[in-house]
Amino acid sequence: MGPYFEHNVKTQVEVCEPLNPAIKKAVETMKGQGCQVFFGRWLIEGSPYVVLFDIASAAWNLDRWKGEFWDASNIGIPFQDREANDAVIFGSLTAWFLKEISSQIDDKPNIIAHFHEWQAGVGIILTRFRKLPVATIFTTHATLLGRYLCAANIDFYNNLDQHEESRCCQTLLKPHMNGLDPKFDIDKEAGERQIYHRYCMERASVHCAHVFTTVSQITATEAEHMLKRNADVVTPNGLNIKKFSATHEFQNLHIMYKARIQEFIRGHFYGHLDFNLENTLFFFIAGRYEFSNKGADIFLEALSRLNFLLRVHKSDTTVVVFFIMPAKTNNFNVETLKGQAVRKQLWDTAQSVKEKFGKKLYDALLRGEIPDLNKILDRDDITIMKRAIFATQRQTLPPVTTHNMLDDSNDPILNTIRRIGLFNNRTDRVKVILHPEFLSSASPLLPMDYEEFVRGCHLGVFPSYYEPWGYTPAECTVMGIPSVTTNLSGFGCFMREHVADPAAYGIYIVDRRFRSPDESCNQLTQFLYGFCQQSRRQRIIQRNRTERLSDLLDWRYLGRYYMHARHLALSRAFPEKFEMEPSAPPKTEGFRYPRPSSVPPSPSVSQPSSPHQSDEEDEDEDERYDEDEEAERDKQNIKAPFSLGIMPPGKKQQHGEYRN
């Protein structure tokens, strides 16, 4: 790390002196023993204080710290696993830092340390082993082994231990699972994947923490079986809604950014632009390139079936689908860059001819004449326009990828496209574009940030098989963009729990647990086809409803679970100082959106029996839909943040004390 680490610190952190004397003393002590430690404000929204450790500066302690970690846990770390070795260094520095702080604090304030994922887990193990006066919380966002098993196309959730699962989440049981024995020898599975030591680090972290949390109920089920501990609290991931808010303007933002995507489409499909862009829908999937875990496999199969349905019903709707999933590439595809160059040349030509045409028209009108439109364009103008038209002719199909892939022949998305035959033919109603790079406003190809791109699309599709939470559909929701998720994602389960009719609010939940892969694919196809059948008015109504769900994902409400976890950790670490009232973790009774009174624009309820919906149905929908009335009713379903029942022993809780 070294110079690279310092460069990142200087560009992302405003270094300053700690105001807290205990933290200042701890930083100085660690610096005095050769460790690079930085304190400052992180240059992101909110400017939080951060303490950064340069693990490279402390790497000379690795052998000693690995020995201390062995003494604490009996877990050995292979020398060739750099990530695990880095985790030992980072965890040792963290425990050291906590020791320095806690040694300078007599009684107050009490320290809470919240660790996320196994890479940070060494710190929690050493903190507990050294009996530091610190309340500890460990949160797993996905179990290590669970991710590996799901990536191997194993029927993971239906092979979990039936008895353990039934205690944790009875609603997830499959009807025909009677007599199912545990299918996973966890130690064996971890060993075969050469991650046994990492698994041990993760499991030890879970059991050492005063409080263990997961980001969703389905991950709590997984952790109970894989890590052998029930989650004390489920802490869903929230969003800072202010960051994404565009009050009463998100519909206008959709129109603006959709126009920019349309410009890209004009260049990418030059010579084959025989479809109406005003009747074209933009779908997308984005995230890590995990072909099966992220549901790219079932999505592509559903697109093939959607293409068939649209062609059979002679639909005039075209769907352009973007795969925003980073992969190894050489550079931009030459044909793709050429397309944008051709588009720009056509635009310049049109502007030039328009300027000449406008001047001649202006002069004629000043003379009081109606110009002869057959003479207003001269031979040179006609020649220029013909040359521009000939430039749009191409002998090849529009490319399905924007970049040159390093391993084209083994790329799973491209191989599936080859198998299903979605090559962007003229007759295809579904067009596919793989953009194997994260979006950036500095890109010469598609100069848009991710948020701008999402706002310009019509539907985000995330049919994940393994998705402990799911930030991508959550981000779509707060920007008013409908999305597809599954009942195997934490987000999908959360929305099903809190929204009576998720599809009416633009949250389509595919059943990937209780249906076969083919049935799930058919359900996804029906969702996509039903969305294509919606009128423009129905899509606007649905976007309004989707945007209103953003309150469900606001940290102001989801923060209650983190507050509860921290108070629970204090009561367990310092029982002589704190005690929790005997109550269950915070619930959200009434924290639920009802089914809209008007017919929801969703395939499950309002999908027309014929491919074309009548004008009478649209008018009937307009009569029953009242945006203000629906919005006001939805606001009533968001309760105020709860108050925590925690108090020191012997002291009566006063009004307003210890409240969230």
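Student: Which residue stands opposite L459 in β13?

Tutor: F283 stands opposite L459. This is a predicted model: local features need pLDDT of at least 70, side-chain atom pairs count only at pLDDT 80 or more, and totals for chains, interfaces and linings use all residues. Residues are numbered from 1 along each chain as its sequence is written, and side-chain values use heavy atoms, leaving out hydrogens and water.

Student: How many bridges join β8 to β13?

Tutor: 2 bridges link β8 (residues 280-286) with β13 (residues 459-461), and these strands run parallel. Strands here are DSSP E runs of at least two residues, and helices are H or I runs of at least four, numbered from the N terminus. Two strands pair if DSSP finds at least two bridges between them.

Student: What order do the strands of the sheet take?

Tutor: The open sheet has 6 strands, in the order β12-β9-β8-β13-β14-β15, with parallel pairing. The twist averages 25° from one strand to the next.

Student: Which helix lies across β8, β9, β12 and β13?

Tutor: That's α13 (residues 296-312), running at about 170° to β9 (318-324). Angles run from 0 to 180 degrees between N-to-C directions, with axes fitted to C-alpha atoms, for helices over the stretch in contact. Contact means heavy atoms within 4.5 Å.

Student: New topic! At what angle do α3 and α5 pack?

Tutor: Helix α3 (residues 62-73) and helix α5 (residues 121-129) pack at about 65°, with axes 10 Å apart. Residues making the contact include F69 and A72 of α3 and I125 and F129 of α5.
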